[in-house]
Amino acid sequence: MGKTSKTGYPQKENPALLTLLTLFLKKSLKPLLTLFVSGTLIACGTLKNQQDTVPDCPGLSARDRQVEVCVTVPGHEPESIGTLQITLHSALHYPLHNKSKQQNLELERDGTLEQLWLLPEPSGYPVVILLTRSVGSGSYPDLQGLQRVNDEYQPFKLAGLSEQQRLGYMGHDQFQVMAGQLYRRFPIYRQTDANISPSGGQACYYYDLKKVAWLQCPD
């Protein structure tokens with residue numbers, strides 16, 4: 001039965017109008033439903049620490065309000081070993097300043113360049129972390145960093161795992177940045193395990209820049 005108007009006469013439904021209204025509501029409410037119902041997707045984007053890239057960089061790049069980083073590997077070098085060519089443009093002052101300073105650095109490379117992250121620092125200038133991997137069966141990682149010291153970025157090596165942490169370790173690390181922290185996870189091998197079938201569970205650590213060490217992930 002149709003609705004009754006204020007005058008008391010039956011009010012006819014308009015199918016075309018209802019169809020248009022339905023389509024409008026679907027399009028309008030879909031983004032809101034994604035925000036409220038699919039909050040997990042938004043959280044995943046944050047956990048992966050999605051970064052802006054440098055448009056003109058032919059290699060790996062990242063940038064924020066204070067620094068732009070471009071990392072390339074010379075084309076004539078072999079995949080397994082060589083150098084990393086790094087170009088940085090950083091603001092001269094914090095907070096953001098119109099003028100910037102360019103640095104060109106070269107680091108030794110032991111493996112294939114895989115990833116680049118910017119980790120926040122209280123100074124306002126992020127720490128740059130570079131990941132390369134060996135081409136062997138364990139795909140062992142090599143982590144190098146760049147940190148702002150006296151108005152310039154200086155290279156440093158991240159600490160390795162402790163002797164206790166290396167028990168059962170055979171590589172195959174996975175890295176992820178969450179909430180500004182670098183995390184690593186890897187399978188634990190028992191003595192009789194084959195390389196493709198670890199059975200000792202998984203280890204998880206995060207890197208503490210102040211303590212210069214890998215610490216156990218919280219439960």
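# Notebook: strands, disulfides and one arginine

I began with the overall make-up: the chain has two helices and 14 strands. Helices (H or I, at least four residues) and strands (E, at least two) are DSSP runs, numbered from the N terminus. I noted that this is a predicted model, in which local features need pLDDT of at least 70, side-chain atom pairs count only at pLDDT 80 or more, and totals for chains, interfaces and linings use all residues. Residues are numbered from 1 along each chain as its sequence is written, and side-chain values use heavy atoms, with hydrogens and water left out.

**Entry 1: the whole chain**

I looked up burial next. Of the 219 residues in the chain, 32% are buried. Buried means under 20% relative accessible area, exposed means over 50%, and partly exposed lies in between (1.4 Å probe, protein chains only). The accessible surface of the chain is about 14500 Å². Carbon and sulfur atoms hold 55% of that surface. These areas come from the Shrake-Rupley method with a 1.4 Å probe; for residues, only the protein chains shown count as cover.

Then I turned to contacts (heavy atoms within 4.5 Å). Among contacts in the chain with a separation of 6 or more, 39% are between residues 24 or more positions apart.

**Entry 2: a hairpin**

I picked strand 9 (residues 141-149) and strand 10 (residues 152-157). They run antiparallel and are joined by six bridges. Two strands pair if DSSP finds at least two bridges between them. Which residue of strand 10 is the bridge partner of G145? I found F156 there. The hairpin has two residues between the strands. In this hairpin N150 takes a positive phi near 50°.

**Entry 3: the disulfides**

A disulfide is a covalent bond between the sulfur atoms of two cysteines. The search counts a pair of cysteine sulfur atoms within 2.5 Å. How many disulfides does a search of the whole structure find? It finds two.

I took the pair C57 and C70, with sulfur atoms 2.1 Å apart. This link is right-handed, with 80° about the S-S bond. The pair links distant parts of the chain, 13 residues apart. C57 sits in the loop between helix 2 (39-47) and strand 3 (60-63), while C70 sits in strand 4 (residues 67-72). C57 counts as buried because its relative accessibility is 13%. C70 is buried too, at 15%.

Next came C204 and C217, whose sulfur atoms are 2.0 Å apart. The torsion about their S-S bond is about -70°, so this disulfide is left-handed. C204 lies in strand 13 (residues 202-208) and C217 in the segment after strand 14 (213-216), so the pair ties together parts that are 13 residues apart in sequence. C204 is buried, with 13% relative accessible area. C217 is buried as well, with 8%.

I also wrote down the pattern: 1-2, 3-4, with bonded cysteines counted along the chain.

**Entry 4: R109**

R109 is in strand 6 (residues 100-110). Is R109 buried or exposed? I noted 3% relative accessibility, so R109 counts as buried.

I then checked polar contacts of its side chain. A polar contact is a pair of N or O atoms within 3.5 Å; within protein, one must be able to donate a hydrogen and the other to accept it, and residues adjacent in sequence count only if both atoms are side-chain atoms. A polar atom of the R109 side chain lies 3.0 Å from the backbone oxygen of I81. For the backbone oxygen of G111, the distance to a polar atom of the R109 side chain is 2.7 Å. Leaving out residues up to four places away in sequence, R109 touches several residues, including V73, E77, P78 and T132.
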